[in-house]
Amino acid sequence: MYNADHEFEKLGLSLPPAPAPKGVYKPYVIDGKYLYLSGHGPVQDDASLIIGRIGRDIDIEAGKRSAQQVGLTMLSTIKTNFGSLNRVKRVIKILGMVNCTDDFEQHPYVINGCSELFAKVWGEENGIGTRSAVGFGSLPDNIPVEIEALFELHED
Amino acid sequence: MYNADHEFEKLGLSLPPAPAPKGVYKPYVIDGKYLYLSGHGPVQDDASLIIGRIGRDIDIEAGKRSAQQVGLTMLSTIKTNFGSLNRVKRVIKILGMVNCTDDFEQHPYVINGCSELFAKVWGEENGIGTRSAVGFGSLPDNIPVEIEALFELHED
Amino acid sequence: MYNADHEFEKLGLSLPPAPAPKGVYKPYVIDGKYLYLSGHGPVQDDASLIIGRIGRDIDIEAGKRSAQQVGLTMLSTIKTNFGSLNRVKRVIKILGMVNCTDDFEQHPYVINGCSELFAKVWGEENGIGTRSAVGFGSLPDNIPVEIEALFELHED
């Protein structure tokens with residue numbers, strides 16, 4: 001049987017601490033078989049955020065790594081609150097928000113940093129869903145990437 | 001029994017007129033137990049909009065007040081179309097869209113203006129859901145804040 | 001009986017090729033009666049994209065035509081994968097993402113290019129849903145418009 005926790009362990013990556021809300025919102029909401037995740041930023045293992053605008057402060061490769069770190073932060077929220085990544089059946093939709101200069105054109109490449117991680121954790125079929133990956137005028141704390149998501153959970 | 005209409009009355013705030021669509025869309029759609037609200041702007045009691053970019057035309061406190069006004073506008077859409085705020089069971093998700101200069105970093109603080117209102121109306125548990133609060137390049141009519149939402153309704 | 005394919009034919013418009021993903025995502029996901037569409041750009045009949053920022057590279061009318069072309073591209077994804085536009089019962093929600101200069105204020109007018117098309121294809125009641133139409137800092141490949149959508153499908 002497919003084991004997302006095991007797949008994650010094989011990657012040799014560490015999970016940052018699950019972030020507390022920085023405003024009046026919940027990190028996640030469960031609605032029946034759906035799991036909504038609030039916009040997550042790139043929390044690092046020491047709980048600090050990766051900071052910087054792509055194309056001005058950091059380059060595209062650092063941006064893609066930031067998107068992976070956002071993915072790890074989302075996994076941490078799931079693991080911390082549900083105990084296992086296996087509670088998630090599949091990715092339905094993510095919104096990849098990129099903080100970049102207005103001449104930037106490679107948002108999909110950046111957000112692949114998160115999507116490739118999810119594909120490894122939950123597999124190509126279930127870890128990949130619909131997506132928009134687009135450029136925002138600014139993001140909180142000047143983080144390079146923020147991502148929100150809708151997952152389908154396994155029925156209990 | 002919890003009464004959102006009564007909680008709202010206690011705040012001593014007035015509801016602006018529910019806005020008519022400014023394009024080819026519906027202000028809301030009901031899908032089973034779900035209520036989707038289109039992006040709402042900060043309509044004032046005289047039906048005019050609050051205008052201005054945060055960090056250039058208006059400051060952060062005016063921005064937060066604008067987000068509260070957006071919340072009031074959303075409440076007006078609900079009240080006008082359903083007769084009562086009690087039709088809403090809880091907030092599942094909101095997207096807080098902030099029109100600000102590109103060096104702005106406090107989007108969550110601004111959108112709290114709406115989230116704190118919803119928490120007072122529907123209570124801390126049901127009035128607060130998932131959220132992204134992020135900076136856009138521009139918004140229609142140069143409004144400072146626009147918010148869209150997904151609510152869960154009480155079953156009839 | 002209402003026939004969306006027939007309504008589309010009456011418009012005399014051609015469908016561009018359905019776009020392949022440009023990153024790690026699926027063009028669509030079906031979840032029960034829901035159809036999620038990833039962010040789509042304005043693909044033309046020769047498979048090339050319409051390019052340009054509204055207010056700098058192209059004007060508002062070209063922007064609105066681009067939004068219609070995005071709508072045609074979304075129709076192509078539906079028709080190609082399901083064989084018929086009649087699989088869609090109604091539009092629940094679209095997010096209209098506009099790539100424009102930061103002084104642009106008429107995002108709803110631009111996105112009407114897509115919404116008016118959907119209204120013709122599925123009718124005024126079912127083709128029009130909730131919407132946000134807002135300005136982004138940048139979009140992939142510098143396309144002028146990107147749109148993602150949530151549709152309700154007819155039960156099989």
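This is a predicted model: local features need pLDDT of at least 70, side-chain atom pairs count only at pLDDT 80 or more; totals for chains, interfaces and linings use all residues.
## Helices on the sheet of chain B

Helices (H or I, at least four residues) and strands (E, at least two) are DSSP runs, numbered from the N terminus. Axes are lines fitted to C-alpha atoms, for helices over the stretch in contact, and angles run from 0 to 180 degrees between N-to-C directions.

Strand S3 (residues 88–99) and strand S5 (residues 145–153) of chain B run antiparallel and are joined by nine bridges. B:Val98 stands opposite B:Val145 in S5(B).

## Helix packing in chain A

Two packed helices are described by the angle between their axes and the distance between the axes. For helix H2 (residues 60–82) and helix H3 (residues 107–127) of chain A, the axes come within 7 Å and cross at roughly 40°. That makes H2(A) oblique to H3(A); angles under 35 degrees count as roughly parallel, over 145 as roughly antiparallel, 65 to 115 as roughly perpendicular and the rest as oblique. The crossing of H2(A) and H3(A) is right-handed, the near helix being turned clockwise from the far one by less than a right angle. Residues in contact have C-beta atoms, placed from the backbone, within 7 Å. Among those of H2(A) that meet H3(A) are A:Ile60, A:Gly63 and A:Leu75, and the H3(A) side includes A:Tyr109, A:Cys114 and A:Val121. The residues of this contact divide into 12 nonpolar, six polar and two charged. Ala, Val, Leu, Ile, Met, Phe, Trp, Tyr, Cys and Pro count as nonpolar, Asp, Glu, Lys and Arg as charged, and the others, Gly among them, as polar.

The axes of helix H1 (residues 4–11) of chain A and H3(A) come within 9 Å and cross at roughly 140°. H1(A) and H3(A) are therefore oblique to each other, and their crossing is right-handed. A:Ala4, A:Glu7, A:Phe8 and A:Leu11 of H1(A) make the contact with A:Lys120, A:Val121 and A:Trp122 of H3(A). By class, this contact has five nonpolar, no polar and two charged residues.

## Chains C and A

In the interface, 22 residues of chain C are in contact with 25 residues of chain A. Strand S1 (28–31), strand S2 (34–40) and strand S5 (145–153) of chain C each give two or more residues to the side that touches chain A, and the largest share, four residues, comes from S2(C). This side of chain C has 10 nonpolar, six polar and six charged residues.

A rotation of 120° with 0.0 Å of shift along its axis superposes chain C on chain A (RMSD 0.0 Å). The two copies are thus related as by a three-fold rotation axis. Superposition is by least squares on the C-alpha atoms of residues with pLDDT of at least 70 in both copies. Of the residues of chain C, C:Gly137 comes closest to the rotation axis, at 2.6 Å (C-alpha). The copies use different surfaces, as 9% of the contact residues of chain C recur in chain A.

## Conventions

Residues are numbered from 1 along each chain as its sequence is written, while chains are lettered from A and ligands numbered from 1 in the order in which they are written. Local features need pLDDT of at least 70 and side-chain atom pairs count only at pLDDT 80 or more, whereas totals for chains, interfaces and linings use all residues.

Conventions. Two residues are in contact if their C-beta atoms, placed from the backbone, lie within 7 Å. Two strands pair if DSSP finds at least two bridges between them.
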